[in-house]
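Q: Could you walk me through this one? I'd like to start with a single helix and then move on to the side-chain pairs.

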Amino acid sequence: MQKVIVITGPTGVGKTKLSVLLAKYLNTEIINGDAYQIYKDMNIGTAKPTIEEMNGIKHHLMDFLSPLSNFSIHDYQILVRNKISELWDNSRIPIIVGGSGLYIDSVLYDYRFEDSGRNIEDEKKYDHLDNIELHKILESLDIESANKIHPNNRKRVLRAIELANNNISNEERNLKNNPMYDFLLIFLNDDREVLYERINDRVDIMIENGALAEIEKLLNKNIAEDMPVMKAIGVPELKKYIEGKVSEDEAVNEAKLRTRQYAKRQLTWF
């Protein structure tokens with residue numbers, strides 16, 4: 001089996017710094033494991049490492065996709081597995097770095113994805129339900145999937161309902177007992193209060209560095225609300241301020257809260 005190193009953990013814990021040091025030591029390269037750092041024009045809000053932070057280490061699958069594009073976990077799985085093989089062909093042990101648990105797991109384990117796309121017409125019958133009501137339907141069909149998918153991730157909830165209705169079992173979809181690589185997983189963590197304080201400071205720094213202007217540029221592209229990039233942590237919250245619906249302080253505090261909640265979900269996942 002090919003060897004792979006994974007550095008993961010909650011947002012703001014220090015994954016970038018460690019990964020660059022390790023990549024330099026092993027003379028290798030880094031593969032992005034963050035679901036939103038793949039998009040262009042989202043540097044500040046997604047906390048992409050700067051050129052200085054990369055310190056000469058090549059980073060793959062980062063900042064390469066238009067925010068107008070759809071990109072699935074299956075797409076990510078294929079690209080990363082190809083990149084792992086490419087690095088191994090050059091005698092380098094790949095380092096996957098990021099906090100998007102499902103994306104990383106889809107690479108490490110034998111996740112199977114259906115070839116068929118979303119059934120938009122079938123999904124419309126749920127339009128009258130809010131996210132909580134929709135999630136309760138998933139709970140009644142597939143409690144295991146419901147426990148893993150946040151109610152606000154409506155797209156994934158709808159897909160899980162479709163799979164459950166088609167009687168596709170978890171065992172058939174995600175063979176998580178079958179690792180695809182000989183991997184070492186390094187999980188970084190910190191005291192919860194220290195981590196939350198660091199997250200709050202990080203959001204403040206993002207605002208100082210121009211996160212609001214970055215999001216405003218995204219909005220000017222008229223990107224559809226259901227596109228993944230519009231659901232990135234901080235975007236919906238700061239968008240409310242840009243649209244004049246809340247004050248800047250309210251928007252920033254909500255962005256901090258949502259980021260802390262995201263970190264908690266990351267801890268739960270791993």
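Predicted model: local features only at pLDDT ≥ 70, side-chain atom pairs only at ≥ 80, totals over all residues.

Q: OK, helix 10. How many residues does it have, and how far does it reach?
A: Helix 10 covers residues 192–208, which is 17 residues, and it reaches 25 Å from its first C-alpha to its last, close to the 24 Å expected at 1.5 Å a residue.

Q: Which of its residues are buried?
A: In helix 10 the buried residues are Leu 195, Tyr 196, Ile 199, Val 203, Met 206 and Ile 207. Viewed down the axis of helix 10, these buried residues fall within an arc of 120°, so they line one face of the helix.

Q: And what do they pack against?
A: The buried residues of helix 10 pack against helix 11 (211–220), helix 12 (235–242) and helix 13 (248–269).

Q: What's on the other side, then?
A: On the other side of helix 10, Glu 193, Glu 197 and Glu 208 are exposed.

Q: What about the ends of helix 10?
A: At the start of helix 10, a side-chain oxygen of Asp 191 comes to within 3.1 Å of the backbone nitrogen of Glu 193. Just after helix 10, Gly 210 takes a positive phi of about 110°.

Q: Switching to charges: how many salt bridges are there?
A: The count comes to twelve salt bridges. One of them joins the side chains of Asp 182 and Lys 3, at 2.9 Å from N to O. Asp 182 lies in strand 7 (residues 182–187) and Lys 3 in strand 1 (residues 3–8), so this pair ties together parts that are 179 residues apart in sequence.

Q: Which salt bridges sit within one helix?
A: Among them is the pair of Glu 86 and Lys 83, whose side chains meet at 3.2 Å, N to O. Glu 86 and Lys 83 are three residues apart in helix 3 (residues 73–89), which puts about one helical turn between them. Glu 86 is partly exposed, at 39% relative accessible area, whereas Lys 83 is buried, at 16%.

Another is the salt bridge between the side chains of Arg 159 and Glu 162, at 3.3 Å, N to O. Both residues lie in helix 8 (residues 154–165), again three residues apart and about one turn of the helix. Glu 162 counts as buried, at 12% relative accessibility.

Q: Which residues form a network of salt bridges?
A: Lys 239, Glu 243 and Lys 245 are linked in such a network.

Q: Last topic: how many aromatic pairs are there?
A: The structure holds four aromatic pairs. In one of them, the rings of Tyr 76 and Tyr 103 have their centres 5.1 Å apart and their planes at 70°, so the pair is edge-to-face. This pair links distant parts of the chain, with Tyr 76 in helix 3 and Tyr 103 in helix 4 (residues 101–108), 27 residues apart. Both Tyr 76 and Tyr 103 are buried.

Q: And what about Tyr 109 and Phe 183?
A: Their ring centres lie 5.7 Å apart with the planes at 80°, so the pair of Tyr 109 and Phe 183 is edge-to-face. Tyr 109 is in strand 5 (residues 109–111) and Phe 183 in strand 7, 74 residues apart. Tyr 109 counts as buried at 18% relative accessibility, while Phe 183 counts as partly exposed at 23%.

Terms used. Residues numbered from 1 in each chain as written. Heavy atoms only, no water. Helix = DSSP H or I, 4+ residues; strand = E, 2+ residues; numbered from the N terminus. Expected span 1.5 Å × (residues − 1). Buried < 20%, exposed > 50% of the residue type's maximum accessible area, 1.4 Å probe, protein only. Arc of directions from axis to C-beta. Contact = heavy atoms within 4.5 Å. Polar contact = N/O pair within 3.5 Å; in protein donor to acceptor, adjacent residues only side chain to side chain. Salt bridge = Lys/Arg side-chain N within 4 Å of Asp/Glu carboxyl O. Phe/Tyr/Trp six-rings, centres within 6.5 Å; stacked < 30°, edge-to-face > 60°.
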